[in-house]
Amino acid sequence: MTAQTHDDLIAELATELPAWLPTQRWFAGKDRAVTAVRPVSWTTLLDGDPLLIHLVVEVDQEDRTEPYQLLVGSRQAQVPDVSSSASIGLESGLTCYEASGDADLTAVLLELMARGTTVGELTFETEEGAELETGLRAHPITSEQSNTSLVYGRQYILKMFRKLSPGLNKDLRLHRALREVGCHHVADPLGSITGVLDGEPTTIGMLQRFMPDAADGWVMATTSVRDLMADPSMAPEELGGDFAGEASRLGAAVATVHADLRRALGTEPAGADDLDEAVTVMVERLDRVAADVPALAVHVPALRETFEAVRSITSPVEMQYVHGDLHLGQVLRTLSGWLLLDFEGEPAASVAERSRLRSALRDVAGMLRSFDYAAQQLLVGRADDPVLTDQAMSWARRNRDAFCEGYAEVAGTDPRDEAVLLRAFELDKAVYEVSYEHANRPDWLSVPLASITRIMTEGS
Amino acid sequence: MTDDQTTAPAPDGALAGLDDTPHTGEGIEADGTLVEPHSEDFGHAEQAPAQPDWFKRAVFYEVLVRAFADSNGDGTGDLRGLAGKLDYLQWLGVDCLWLPPFYASPLRDGGYDISDFRAVLPEFGTVDDFVYLLEEAHKRNIRVITDLVLNHTSDAHPWFQQSRNDPEGPYGDYYVWSDDHSAYADARVIFVDTESSNWTYDPVRGQFFWHRFFSHQPDLNFENEAVQEAMIDTLRFWLDLGIDGFRLDAVPYLFEEEGTNGENLPRTHEYLRKVREVVDREYPGRILLAEANQWPADVVEYFGNADVGGDECHMAFHFPLMPRIFMAVRRESRFPISEILQQTPQIPSGTQWGIFLRNHDELTLEMVTDDERDYMYAEYAKDPRMKANIGIRRRLAPLLENDRNQLELFTAMLLSLPGSPVLYYGDEIGMGDNIWLGDRDAVRTPMQWSPDRNAGFSRADPGRVYLPPIMDPTYGYAAINVEAQQDNAASLLNWTRRMIAVRKQHSAFAEGEFVDLGGSNPSVLSYLRRWERPDGELDLVLCVNNLSRFPQPVELELGTYEGFIPLELTGDVRFPRIGELPYLLTLPGHGFYWFQLSRLGDEGERRSKV
Ligand SMILES: Nc1ncnc2c1ncn2[C@@H]1O[C@H](COP(=O)(O)OP(=O)(O)O)[C@@H](O)[C@H]1O
Ligand SMILES: [Mg+2]
């Protein structure tokens, strides 16, 4: 039986998508209106009733055009058990919906992968040596996500990348490289789905071992902070919920992953122009953000000076593959220790930027910023309370230090010793946060601003 | 006999207070053999009703004879006093008593320094009193086990006296003697605070003797077949009287061997198999419980060969679990518990762990010194409050600041984690400790029965009671005692009793497979206990524990049990059916739930009785 291509259905569906896409959590273009949606490729994975079509569309938003992938499901005989927000509309007499929540349909993806099948332009394959159990039902994870991840049973997690970029996805590439050198701090990659975009084979999905025993780092850290805030008179080290031991083991895990990435993919010394360019990018961002956010203005001269200082670093700086978007929400505490997730890199950066070699201190800076966020998140929206603020600060200090100590134990050098670069990266991240909070969560603006003040005064 | 021996002191000379009772060394045969009491000299207790594998589902209760009840008004608890309280223990739901040593002893090591394996410490009564206790306990379907130290004796034991005085006599080779102190240099000194070497010079014999513990506790020489047999005969003596088993103290150290650390040696295991054979052949249904304070992976060796369901000890204590439970609640994180259980190997089918929250010993981290386990040590030792509790003896209630919610949470975990729970006397009413009494005695104060004089423990003049009962306003016997708590339906005692009863209705708690459910909330420890009943039906229990003092939500992945209905076990409250999506529960601070999961729909629930 040759599967029908369902061209008419897809064409009709496309007319509904400009209104529907912005209602989806994972849609990255919520900042401006969708002007047009064009189907670029589609593949029928299940034909008949129910129907499952894999669809890639190009989304026009003013001057920007970006590809996204969808799983379109449709049933005649039975109403699917998915939320109403998944419903796209009635096309050619069929109710169509986003199918990632329909466990009957998503089971097919795992099946195809286990068999190593090619359907049209889509190639489903397992990683070398991986044997998959099939017949598992999946449900999407409920956490806030820019992609859509499906958990099969308690065994696997399949991440379907939503916004696509041509080529081998960096997340998959680094996971493979780390697995090859036997890294224990990532979830094993087990399979992938590859499509074609702009004529290039393109990763659209990645299957990994799911860790049912895991809790994410953000939840772990904020559990500790919660404990602290309830006993404002106690020092963090005296608290039952002290996190320093975990923070230190996390630091060691991050340092191990960095070493493994170097081992797998090599390093390059940073040249003077690398540093110059980094400074230029940081200063440009500073100017852009300061223009939008008046509260940042007072810090601009000092920040600029801190960034400029990077140009005069004379000690060698090593460039390597890094995580690129490391924070507490990207790490998992499992029974066998800390794992790092999601090596795609900073979501706001272009693909080219993401795959550049960088200093490992970028990741360290990202995690240090995250400790600040975790410490202060309970203060957001509360009236100023100097005692609680002090508590939050000392929690963050204790755990940032513990993280760096754990990192240093593995790396042999303490990231805090490279103060000029680390400070610049931390502040650059904070400036980015200022712009993000300004646009999205004005209540939280105080968090990066307070950090900037702290880092600037600590440094002087 | 040489002149030397005729002038030597009587072999039982070092035994105090045994003149009127049968005891070892009261006579001596022409060939130098000591006269020892025989089990035929005493009555024998009827056995408790036979129940295969009873220890796998038993609730154990550690009780110090000295501390429980004084029958003769001399101020010290005794065997007859304990026998008089069996109704209470039966009411509570206790299945087996564990008595620390009650043998004749100079009491330089809490009775673990045994000077006669065949006599009872006179303050506690006689061998006949023990048989009476056994008889009364068995009538109530309560079993009794006691500590037996195989590794060494007190230096007051007539065997040792004979050994040091008559090197050529029948006991000359009962201990490990040497002309110098250079042998076995790789064996560590365990009590580093009091002992500088494992060898001590004996001026009487003019040789050094080997001791892994105190220098007043010489190690028996297990190389000597006669010693191996003598110790098995010691076991037979008590087994003949009707005892239900032994906790074998300090088992890892029986043999020594040059070039090794003298722990867990193959020959030690070989001997334990020999002991087990005797028990299985001559006394089926009686048990051996190993005290080996080591990492679970090493302790598992003491269960023996898994292919035959275990051929050494029936039970062993799981030591690292206890400090991890404290750590987990302190950190509000399930990881300390989940990790240690994940690292705990499968045990043979015929064996069971013993688990406990508190016992007469201190909170110890002895077993976590290894490099890759320094996690626990680092966490514990860095935390001033936890550190303050290492190496000292505290009771459960003061350790938990008398917080009823935490007491319940800890007890609920004790009763639902894998293993047979061991309660420590008095913890069921939330007794306190008395740190002014010194470390050893702080947790050995008299059981608090009533608000009457001496807490109802003894009619002696208060000045004669072996230790003063606790009298402070929070934990004193005026406030905390069995009588008051029995009358109060909401008391900790009645709560504990109900929980024990619930546990007994579900074999899953005792024998079920343990499945950690993990989950995204690190403060909630949830697990399934899954047991296939002989009739093929599943007994499934779901336990959810909030380790945090704050209320917590949890989403449980129960996909495999879609369509099952959770029935809350303490109140028989039916919860919503499990669907395909994660199952959402909310728990109050330090709250917990026990559910039975059953497929039964409207026909009503059925408790799985064994
Ligand atoms: N292997 C895994 N095991 C368990 N949970 C996982 C695993 N991978 C991801 N998760 C959960 O899914 C969330 C999102 O995963 P992530 O890879 O970061 O997706 P995204 O790129 O959309 O951010 C994580 O924060 C984590 O909670
Ligand atoms: Mg992520």
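**A friendly note on this predicted model**

1. On chain B, B:Ser416 sits in the loop that runs between helix H16 (404-414) and strand S13 (420-424).

2. What surrounds B:Ser416? Setting aside neighbours within four places in sequence, B:Ser416 is in contact with B:Phe509, B:Tyr527, B:Arg529, B:Cys543 and B:Trp594. Its side chain also has a polar atom that lies 2.7 Å from the backbone oxygen of B:Ala412.

3. The domain assignment gives domain 1 (54-153 + 223-503) and domain 2 (512-598). Note that domain 1 of chain B is written as two segments, 54-153 and 223-503. Between the C-alpha centres of these two domains of chain B the distance is 30 Å. Where they meet, 25 residues of domain 1 of chain B are in contact with 26 residues of domain 2 of chain B.

4. Another residue of chain B worth a visit is B:Gln485, found in helix H17 (residues 482-487). Is B:Gln485 buried or exposed? B:Gln485 has a relative accessible area of 10%, and it counts as buried because that value is under the 20% cut-off. Not counting residues up to four places away in sequence, B:Gln485 touches B:Glu428, B:Ile429, B:Ile480, B:Ser491, B:Leu492, B:Leu493 and B:Asn494.

5. Now turn to chain A, where the assignment gives domain 1 (3-99), domain 2 (104-209) and domain 3 (215-458). The centres of domain 1 of chain A and domain 2 of chain A, taken over C-alpha atoms, are separated by 21 Å. As for the contact between this pair, 24 residues of domain 1 of chain A are in contact with 26 residues of domain 2 of chain A.

6. Within chain A, have a look at A:Leu228 in helix H4 (residues 217-230). This leucine counts as buried, at 1% relative accessibility. Its contacts, leaving out residues up to four places away in sequence, are A:Met234, A:Pro236, A:Leu239, A:Gln391 and A:Trp395. As a landmark for orientation, A:Glu144 is 84 residues from A:Leu228 along the chain, and the C-alpha atoms of the two are separated by 26 Å.

7. Where does ligand 1 lie? Domain 2 (104-209) and domain 3 (215-458) of chain A both supply residues to the shell around ligand 1, so the ligand lies between them. There are 17 residues around ligand 1, and those that come nearest are A:Gln145, A:Lys159, A:Arg209, A:Met211 and A:Asp342. By type, the shell divides into seven nonpolar, six polar and four charged residues.

8. An oxygen atom of ligand 1 is 2.8 Å from a polar side-chain atom of A:Lys159.

Note on methods: Residues numbered from 1 in each chain as written. Chains lettered and ligands numbered in written order. Predicted model: local features only at pLDDT ≥ 70, side-chain atom pairs only at ≥ 80, totals over all residues. Heavy atoms only, no water. Near = heavy atom within 4 Å. Polar contact = N/O pair within 3.5 Å; in protein donor to acceptor, adjacent residues only side chain to side chain. Nonpolar A, V, L, I, M, F, W, Y, C, P; charged D, E, K, R; others polar. Domains from an automatic or database assignment. Helix = DSSP H or I, 4+ residues; strand = E, 2+ residues; numbered from the N terminus. Buried < 20%, exposed > 50% of the residue type's maximum accessible area, 1.4 Å probe, protein only. Contact = heavy atoms within 4.5 Å.
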